[in-house]
Amino acid sequence: MINLEIPKKFKPLASQAHQVATEVFRPISRKYDEAEHSYPKELDMLASLIDGMNEGSDSGAGAAGVRRESNGGDEGNRNGSNLSTVLGIIELCWGDVGLLLSMPRQGLGNSAIASVATEEQLERYGGKWAAMAITEPEAGSDSAAIRTTADVDGDEYVLNGEKIFVTSGDRADLIVVWASLDPSVGRAAIKSFIVERDNPGLKLDRLEHKLGIRASDTANFILQNCRVPKEALLGNPEVDVKQGFGGAMQTFDNTRPLVAAMAVGVARAALDRARELLAEAGVEVEYALPALSQTAAAARFLEMEADFEAARLLTLQAAWMADNGKPNSLQASMAKAKAGRTCVEVALGCVELCGAAGYGEDELLEKWARDAKILDIFEGTQQIQLLIVARQLLGKNSSELR
Ligand SMILES: Cc1cc2nc3c(=O)[nH]c(=O)nc-3n(C[C@H](O)[C@H](O)[C@H](O)COP(=O)(O)OP(=O)(O)OC[C@H]3O[C@@H](n4cnc5c(N)ncnc54)[C@H](O)[C@@H]3O)c2cc1C
């Protein structure tokens with residue numbers, strides 16, 4: 001097995017995150033899987049602790065705090081907040097991915113803000129919990145098809161439309177909403193706007209009931225004449241047809257490695273538990289022997305672990321590239337595709353290897369197999385990641401290869 005050491009300076013963070021996963025997340029994992037839509041109040045104190053850990057350091061332990069950092073390419077190797085955040089997420093999701101997604105101030109909206117906000121916006125919205133609202137009934141994978149509009153009215157934008165499947169939508173303080181300044185222009189006019197959760201124009205329609213990640217709330221909203229100040233637009237307000245969708249899509253280069261990290265964490269959890277259950281059944285996995293000379297169960301385990309390692313290495317690479325100011329769209333999509341698929345295959349594979357023990361509710365393996373699938377869907381599905389990878393490798397744009 002390849003064993004890449006993590007940077008020394010991040011070891012304490014990874015070990016603290018693992019401790020939180022063991023002592024806080026695991027004991028309440030099943031409770032909030034069963035009590036869907038109830039807020040895991042145990043997370044409040046933990047979130048404050050993480051805020052404290054993140055303050056004054058360039059390392060992040062949760063899902064927020066990633067910012068594209070440029071070193072101009074001449075400062076050598078830099079291990080920064082993207083890598084540390086990914087390492088923290090892997091450990092926390094080893095504990096419970098649904099609970100990580102429910103952590104105050106660690107939403108994907110926070111990452112979007114961190115990626116593109118101006119210093120004033122960071123000041124204004126810092127310390128708040130932000131969800132991300134892109135998906136609409138008629139626009140999922142094809143986010144350029146969104147119909148929510150943002151019309152200028154004096155010093156404000158007026159948003160109208162519908163947003164579905166917003167993770168943490170009911171609990172967050174802010175929702176980062178994608179809307180079009182001018183639908184006739186196409187993708188270049190799509191911008192993101194920060195909407196306060198208590199804005200009277202943002203109406204909660206319903207909460208979803210789901211297969212997995214039940215600790216995390218998933219909200220649907222109607223935006224009805226929802227007024228936000230002009231300063232709520234994230235990034236450049238100009239509609240630059242030449243730049244197209246680039247500005248808005250740049251957020252994904254930072255957030256896809258985070259979702260890949262979630263998948264890596266869930267896969268690791270399933271492998272660790274399966275190894276224990278196999279050992280209890282008398283099956284030892286030997287790393288010094290070829291897979292073919294071991295039992296079929298051990299060989300299958302090694303195969304899954306190799307896939308896991310490939311997903312992990314791609315995820316670390318994509319985050320490291322973001323830390324070093326290197327364009328990482330290709331690697332971010334490769335990591336998300338590999339980790340999302342691996343997580344589903346490993347979680348189900350571990351259920352299979354452990355038989356009835358893996359399928360029953362006495363074991364978390366059953367839950368992880370349900371939690372895994374979303375990691376292959378949101379932040380761009382498996383198929384969409386592969387499409388992006390193919391476009392990049394073949395040098396084709398979105399109209400040439402779709
Ligand atoms: C629990 C949960 C939480 C979510 N959280 C958020 C959130 O916080 N914010 C947010 O904005 N959205 C969120 N989503 C939405 C999620 O990002 C979308 O579900 C996802 O992008 C897919 O869109 P869709 O469901 O409309 O599927 P569709 O786009 O309709 O796709 C259906 C199937 O067709 C495939 N497909 C589509 N286009 C192509 C193509 N060109 N080539 C090959 N295959 C293709 C897809 O891969 C998929 O398998 C969440 C969803 C869920 C279930």
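Which residues in α9 meet which residues in α12? Ser-329, Leu-330, Ser-333, Met-334, Lys-336, Ala-337, Gly-340 and Arg-341 in α9 meet Gln-382, Gln-385, Leu-386, Ile-388, Val-389, Gln-392 and Leu-393 in α12, where contact means heavy atoms within 4.5 Å. This is a predicted model in which local features need pLDDT of at least 70 and side-chain atom pairs count only at pLDDT 80 or more, while totals for chains, interfaces and linings use all residues. Residues are numbered from 1 along each chain as its sequence is written, and side-chain values use heavy atoms, with hydrogens and water left out.

**α9 with α12**
- Helix α12 spans residues 382-394 and packs with α9 at an angle of about 145 degrees, their axes 9 Å apart (axes are lines fitted to C-alpha atoms over the stretch in contact, and angles run from 0 to 180 degrees between N-to-C directions; helices are DSSP runs of H or I with at least four residues, numbered from the N terminus).
- α9 passes α12 in a left-handed crossing, meaning that the near helix is turned anticlockwise from the far one by less than a right angle.
- By class, the contact of α9 with α12 has seven nonpolar, six polar and two charged residues (Ala, Val, Leu, Ile, Met, Phe, Trp, Tyr, Cys and Pro count as nonpolar, Asp, Glu, Lys and Arg as charged, and the others, Gly among them, as polar).

**α9 with α11**
- Helix α9 (residues 329-354) and helix α11 (residues 365-372) pack at about 155 degrees, with axes 8 Å apart.
- That angle makes α9 roughly antiparallel to α11, a label for angles over 145 degrees.
- α9 passes α11 in a left-handed crossing.
- On the α9 side the contact includes Cys-343, Val-344 and Ala-347, and on the α11 side Trp-368 and Ala-369 are among the residues.
- This contact of α9 with α11 has 11 nonpolar, no polar and one charged residues.

**α1 with α11**
- Helix α1 (residues 11-34) packs with α11 at about 65 degrees, their axes 11 Å apart.
- α1 and α11 are therefore roughly perpendicular to each other, the term for 65 to 115 degrees.
- Arg-26, Ser-29, Arg-30 and Asp-33 of α1 make the contact with Glu-366, Lys-367, Trp-368 and Arg-370 of α11.
- By class, that contact has one nonpolar, one polar and six charged residues.

**Around the ligand**
- The ligand is surrounded by 21 residues, and the closest are Thr-135, Ser-141, Phe-165, Thr-381 and Gln-383 (a heavy atom within 4 Å).
- A backbone N or O atom of Met-132 lies 2.7 Å from a nitrogen atom of the ligand.
- For Phe-165, a backbone N or O atom lies 2.9 Å from a ligand nitrogen atom.

Methods: Helix = DSSP H or I, 4+ residues; strand = E, 2+ residues; numbered from the N terminus. Parallel < 35°, antiparallel > 145°, perpendicular 65-115°, else oblique. Polar contact = N/O pair within 3.5 Å; in protein donor to acceptor, adjacent residues only side chain to side chain.
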